[in-house]
Amino acid sequence: MSPWLQGLTRLRQYPSALAGLGIIVLLVAVAIYAVTAIPYSEARDLWRSGEAWQDLPTSAPPVWADRLLGGDAPRTIRVATDDVVMEQERYEGVRLQRATLPVEFPYGGFPQEVNLFVESQFDDRQPFVRLTWRTPDGEAIPLGARRVGESERISISQDRQLESRLGFAPQVGLFTDAAPGTDDPQVRQGTYELVIEAIQFEETATLDANLVVYGQVHGLFGTDHKRRDLAVALLWGTPIALAFGLLAAVGTTVTTLIIAATGVWLGGWVDAAIQRLTEVNMILPLLPILVMVGTLYSTSIWLMLGVVVVLGIFSAGIKMYRAMLLPIREAPYIEAARAYGAGNARIILRYLVPRILPVLIPTFVTLIPTYVFLEASLAVLGLGDPVLPTWGKILNDAQAQSALYHGHYYWVLEPAALLMLTGLGFAMLGFALDRVFNPRLRSV
Amino acid sequence: MTTPQPSTRPPQAAPGEPLLCAEGLHTHFELRQWGFVRVGSVRAVEGVDLTLGAGEAVAVVGESGCGKSSLARTLLGLHRPTGGTVRFDGTPLNGLSGRALKRYRARVGYVQQDPYGALPPFMDIQRILAEPLIIHGVRGRAERERRIDTALAEVGLTPAADTRRKFPHQLSGGQQQRVVIARALLLRPAMIIADEPVSMLDASVRVEILELLRRVQREHRLALLYITHDLSTVRHYVDRALVMYGGRIVEQAPVTDLLARSGHPYTEALLSALGDPDADNARRQREVPGGEPPSLVHPPSGCRFHPRCPHAMQGKCEVEPPPPDFRPRADHRVACWLHE
Amino acid sequence: MADAPLMEIEDLGLSYATEQGTLRAVDGVDLALHRGEALAVLGESGCGKSSLAKTLLRTLPRNAYPPTGQLRLQGREVLGLPEERFRREVRWVRIALVMQAAMNALNPVVRVGEQVAEPLRIHRRASRRQARQRAAEAFEEVGIPTDFLRRYPHELSGGMRQRAVLAMALVTEPDLVLLDEPTSALDVLTQASIMNVLKRIKHERGVSFVFITHDVATASELADRVALMYAGQVVEAASARAFFDEPAHPYSRLLMAAVPRLHQERPPSPIPGRPPSLLDPPAGCRFAERCPWAFERCGEPPPMAPCGERHHARCWLHPGLGGER
């Protein structure tokens, strides 16, 4: 049996390796799901658009976080005129349309906002709309009347006039029966209604309205300050993080190893040049260079990857591999290979490099999360890719919005948890591989 | 076989040029400080004349640091000689490079001391043996496998199919050395250079490997250069033996003659230091010349052995190095002023 | 030989835990050594001779199981001694070691004189001056000029280093010096001169030696008695005279015939086959598979049977066991 296969069989004896492998398989599955469910271009556009997110609450924690803490914060409620029967009456020259949108409100907290999105089709004369809020007790609160355009957002919770009439912010005043000005108003649970009465001046004109009572919590992962569902970024961050980590690790280790082996084998000025280049490169600080490239040139993730790989090639790894390869250069089997005519390239690639691969694989595996973290750090520093949703960008947004100060812990903890999970998975697998393939660590 | 010459035993009777012919061969290694400042040189091989006829087996005997391994590596083209000439089958090796060097390498097999170290541990035997064939352009998997099987059968590793799948660490030391010999034979060489091929093996296996080398050498009429520190492993396996000391050849003769009537004080010292197993050995002190083996960086003047030699003649031995060809007998050459 | 033996080994066993299972490296070894004797433990690689040496000095690797059986020094059982007492009362006080690779036995940054005096300072509580004095004497004894005391190990040649290690072993005047392949890394001439030193010391001081070696000729240079090991067992124990002139065990005889000799016209003949795996050794005689004289009885494990004065062999062919030679 080949030593490789033997090593892999021995891996089964390490539960940590299996756990790590499990985590990695899970992350890969998520990554595959992400790229198939939301194609790359769609994800990019979705993350940048404002419209797609208009009926989600701002900076809302995930539902489970609130429920776990025993909260009863409202979820978002959407009611559309399409869901109800639209009554219609005709008068001379005009039509009166009336729709009653029921809002079932069983929650313990007030909504974040109340918006009504109205779309209308007409040729010439705008419809005239009057809104009335009806509480479960039957009380009717007029919300005003106005002409509406083709597509309009009526921000009920922003209505200053209404606020002064109610004595509360509208999203509070509309859902309570407390006396105006009460310090701690309580929610009146029950079914509310929004009555929309539209006067249409044209025979073919239409009106569609969509009431959104924004909750305080949202979905599995919550939303950010731009109402974006974090699920998208967390999901899409996975393939980006894995790809970045893997490509950077492959790019650096493979090239580093080959360059180190070439230097060791050829010796002389080639080796000296590689050594000096490495020493110079080792004192160059990676992060400031990346910041400079990001600031002056572009923050594209692929450019960053390129810079990381190029700067990572002539790194301490060269010194390490050199130290490992130097004794192997003198191995009798290498001398034998020379004696039967193997050329330099063959000796480097087939005789030197494979000898230290077993020691290299664990290093390589543990290197992947390092680069994942680097990518996240860059994003936190504001050097994240301008268009792609990534874990680091979530953190960057959270930081910019002072998420922790505002108590939006989920915003920081979710990407952090994924980063830690990635680190944990690769580290557990890597350490086990090290024990399997690195004979010095193997205790019988 | 590619060499059409007849057997050249004894070498002096050889018609025409022998297969391998080295004249005044020097291999020095520069000692450098800080990587570039020259501070001296190790004179590992110093003025060695050597001929090896096709189908002739010759032993080079000497202690560690006498230059015998450097001689082997120089002849293999692994070190560049710093002086002198080497001709193989009529072609000079000096400055040989590229294709010509590769062709030469196909004609010389190499067997090393440490059989486990000589086999890449991450390849199976099949792969190890395929490597030289691939390098020398033997196309076709079937053809390669046929040749591998032939070579394995030749060194007695049968059934070949079992061995091919194994990795070096799954074989015993003797089996590993057989694989190394099979690898040396694969390209149908004209010469095999074996550097201490049995010194790391157990006593019961040593003879097997030596017999194997002798057998393939005779069957294929190969030239064999057998390098060893152990005079007792020389007798039945080579035709002629050379003794090296301090980078020079001090004595050469047919092996039985050398063992029975050695001419050089160093060879005598070696012979009297070694003993065949005997209970009486424990009761007698052996005669050993004092002093240490010579430094190759600062070698003694004149005869390299004179500081340790019991017969050293003052005013002679430390002054002038003895020429290598005093002949106490026709085919016996000694580099010692005693035979002037 | 009426007095009690200096060292007695009885039914010694040692196993290692390996990935393939339990490897029985030493199995039922009985040996006795009298004062002033040199015992060569001879055997090929993997026969258990090095494990035996490590057991005597308790320098076993971590995957070794605790050894079984008895080890008595002057009638006192020491195998069961706690580590600390073993270190204080046995190691280097009663048994000293000379290893194969002299460079590894010496600390490269300490002058050799200091290192040779070190055991005295530790085990004999000698003053610095006394220790230095004794170290100088030890150097003279092994044939190193005393001005070498102030040198560092790398300034000594291989032969000189090996002599220094020997001096270090002798300086505490132990009862027994264990030589583990002391010359196999050295050149022929150096080897011979070290053997000369050992012979002289044995003769003059009456030191007892256990001499572990794979080389038959080297064994004959020092041994009064020889124990030949094969696959974890001693197969023959005899005086050097009996062993080299008239070996009793088939393996001994074949091994003698396999050794290349300088002055012998008859070519040596190899022993076909290879030793059995110690992970799963055969139930009967371990050499039976390679033995040209094997018969049905060899399926049972042969005991060590006497075949002369202090001469034992583990073979069914032996007259003592009813076989015929």
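Which residue in strand 12 of chain B stands opposite Phe326(B)? The structure considered here is a predicted model, in which local features require pLDDT of at least 70 and side-chain atom pairs count only at pLDDT 80 or more, whereas totals for chains, interfaces and linings use all residues. Residues are numbered from 1 along each chain as its sequence is written, chains are lettered from A and ligands numbered from 1 in the order in which they are written, and side-chain values use heavy atoms, with hydrogens and water left out.

The residue opposite Phe326(B) is Val334(B). Strand 11 and strand 12 (residues 332-334) of chain B pair in the antiparallel sense over two bridges; pairing requires that DSSP find at least two bridges between two strands. Helices (H or I, at least four residues) and strands (E, at least two) are DSSP runs, numbered from the N terminus. Both strands belong to an open sheet of eight strands in chain B, with the order 6-7-8-3-9-10-12-11 and mixed pairing. Strand 6 (108-111) and strand 11 (326-329) of chain B each have a single partner strand, so one side of each edge strand is left without a neighbour in the sheet. On average, neighbouring strands of this sheet are turned by 20 degrees against each other, direction ignored.

Two backbone features were found in loops of chain B. The peptide bond from Thr158(B) to Pro159(B) is cis, with omega near -5 degrees, and Pro159(B) lies between helix 4 (141-154) and helix 5 (160-164). Arg221(B), a residue other than glycine, has a positive phi near 50 degrees; its loop connects helix 7 (203-219) and strand 8 (223-228).

Chain A is divided into domain 1 (3-47 + 227-437) and domain 2 (74-214), with bounds from an automatic or database domain assignment. The domain centres, taken over C-alpha atoms, are separated by 54 Å. In chain A, the axes of helix 11 (residues 316-329) and helix 13 (residues 344-383) come within 10 Å and cross at roughly 145 degrees. Axes are lines fitted to C-alpha atoms, for helices over the stretch in contact, with angles running from 0 to 180 degrees between N-to-C directions.

The secondary structure of chain C comprises ten helices and twelve strands. The C-alpha atoms of chain C fill a box of roughly 65 × 50 × 45 Å along the principal axes.
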